[in-house]
Amino acid sequence: MPSSRILLRKHCCNVWAAHIQFALRSILLAVSAAGFMPSLAAQDTYHPPSELKKLSVEELLDIDVTSVSKYPEKLSAAAAAVAVLTQDDIHSSGFTSIPEALRLVPGLDVARVDSHTWAISSRGFNDVFANKLLVMIDGRTVYTPLFSGVFWEVQDTLLEDIDRIEVVRGPGATLWGANAVNGVINIITKSARDTQGLLVSGGGGTEDRGFADIRYGVKIDEDTFLRVYAKYFNRDSSLLPDDTTAHDAWDMFRGGFRLDWEPTKENSFTFQGDIYTGNQDENYLVPTTTFPFAGKIQATDTVSGGNLLGRWSHSFSADSQLTVQAYYDRTERQSPIFAEDRDTGDIDLQHRFALGERQEVIWGLGFRSTHDDVTNSLNVSLLPNHRTLNLYSAFLQDEVSIVPERLRLTVGSKFEHNDFTGFEIQPSARALWTPGYSQTFWASVSRAVRTPSRAESDIRLNPAPPVPLPPGSITILGNPDMESEVLLAYELGYRIQPIDQLKVDLTAFYNDYDDLRTLEPTMPGPISPSKVANNLFGESYGTEISATAQVTNRWRLQGSYSYLEVQLHRKAGSHDNSTEKATEGSSPRNQFFIRSLFDLGWNIQFDSTLRYVDTLPGPKIPSYLTLDLRLAWSPRKDLEFAIVGQNLLDDRHLEFAPTFVGTQQTEVERSVYGTVVWRF
């Protein structure tokens, strides 16, 4: 891409950032002039370690979750395989990014490909371009219609402002729609009311070379609260298996704000936004038109974007609430092999009300429009190079209490119309039985679909050939007639708290897939262009077990084990001899972690996580065992020092491999870094 165009895009992003920064500065100056600035003694809702371990296991089960039913319910009463990472979990882990924090979720596949690229999925089918997991941040969907997946390196916020991360393993399509096939990740940040005062944190080390966060929360009046934040980090390059640098260092700047206003008990308003820009070094292996028809490019990709979201909630009564939400999202990505500008607008309405004494009904309507403008290359091209996609949706769910506080049945369906496959229906039925206070059984059957992406419909991909072959010999062509991938899922779950200090959660599932994606050769022979098709079917099954034990008032243990089996089969007439085995072996059959959170006294906290991931036959990754340690000291309530060591059992290891795009397979290195957090 011409350098002038890159400079123009950087200039546009800088202008946009300047406008938002000016607006936020004006707000703060106005607030300051009005005399609303709080004193430096204002504190946010952070709890020191000595307070965290006093939370009982029963209180952890009483955490509210919204991702299963779209309204708050107790974790212990959710009829789904749901896990919650609280702010305390994230903080005590010492992790510096959202993908790293997701390693603590039972049954989730999380692998680092290089310094800035991740492969994350639920219940199999993991890939850099994994496409069966719906991800949201404060109700804003962040998966891209480009490939029905997530660019994880740009999904970020101030980690201290995250209230919780809710992860539903299994289908969530009845409420959340297409692409919520194998799971839903819902990242929920704190209200501005709960983040008052000034927070400054920073640190650095061997891999995370430097990072700094600043957040300021202000009380405008009795009903209105505002916070603004900014953060920056710089991460070092990883290593290649031959001990040379991978040239994949990256840095990112991000800033944002959130305003919460509750003028009455019945009404609440939220207005928030973020902006980011960053640079990612990368090495590409790309096709060329001259012998040997392949070459290497060392480049620095640029990524930038921003979003604005508004939400209004009105409570008619304790059992009736109306919520209207709208957001705008802009993303830009520039690289030598592909460039994309994407604008997305979304509006959503939902209403919950009681129908009699034993029924709760929730229904909603939604519309989303997304427009892309891409710049093609010999390596990756989309035709047409710009397209607008519209999605219309509605859902209805009825929860019936058959035996009050004992037996509950929930049925519902999502109805959607998309521009690829037209009309889709995604129903589900869930039952929850509570025979006693300390145990719960639940079961569900669900249908979910994964709609085709822009890439599958319109792509022309020319991978760099492994041997000298002219471009086009191994081309992958999109298929405008692709059908949706279909899942019929069956789940059983059991939760028990046999004693006050212990809770155990067990889940078993069986997934029946049809019309999965294949790459069908268009002509006979070992070397042939391929076309995307729907000629794969199969099943997956497994179990997930997690437990939390409060050993003493100062010592808590958490553990999880998951088993997964994926078996895929080609339909009659399919000639794709690679996708089946590669997909079956892309996620670990066995994985577990054991986590210890221990207060040593004297305001010292020692946390450790031992994690095992089984062999990945697909990308040919050997099994590995990692150990992370964190030692933190709080000499006073508003100040904390910590040192974190990651991957301490070996100097480096492989976790995943690139797919489709010719980047490098790098190794995750041992790292050590220190952090300081100051609240005042």
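Modeller: Here we go: the charged end of arginine 333 sits over the ring of phenylalanine 151, 3.7 Å from its centre. To count, CZ of Arg or NZ of Lys must be within 6 Å of the ring centre and within 35 degrees of the ring normal. Bear in mind that this is a predicted model, where local features need pLDDT of at least 70, side-chain atom pairs count only at pLDDT 80 or more, and totals for chains, interfaces and linings use all residues. Residues are numbered from 1 along each chain as its sequence is written, and side-chain values use heavy atoms, with hydrogens and water left out.

Biologist: Which aromatic cluster does Phe151 belong to?

Modeller: Rings of Phe, Tyr and Trp (its six-membered ring) pair if their centres lie within 6.5 Å; planes under 30 degrees apart are stacked, over 60 edge-to-face, and the rest tilted. A search of the whole structure turns up 18 aromatic pairs. Phe151 belongs to one cluster together with Phe129, Phe147 and Phe660.

Biologist: What is the angle between the planes of phenylalanine 129 and phenylalanine 147?

Modeller: Strands here are DSSP runs of E, at least two residues long, numbered from the N terminus. Phenylalanine 129 lies in the loop between strand 5 (118-122) and strand 6 (133-137), and phenylalanine 147 in the loop between strand 7 (140-141) and strand 8 (162-169), so the pair ties together parts that are 18 residues apart in sequence. Their centres are 5.1 Å apart and the pair is edge-to-face, with the planes at 85°.

Biologist: Is phenylalanine 147 buried or exposed?

Modeller: Buried means under 20% relative accessible area, exposed over 50%, and partly exposed in between (1.4 Å probe, protein chains only). Phenylalanine 129 counts as partly exposed at 21%. With a relative accessible area of 8%, phenylalanine 147 is buried.

Biologist: Which strand holds phenylalanine 423?

Modeller: Phenylalanine 423 is exposed, with a relative accessible area of 52%. As for its place in the chain, phenylalanine 423 is found in strand 22.

Notes. Helices (H or I, at least four residues) and strands (E, at least two) are DSSP runs, numbered from the N terminus.
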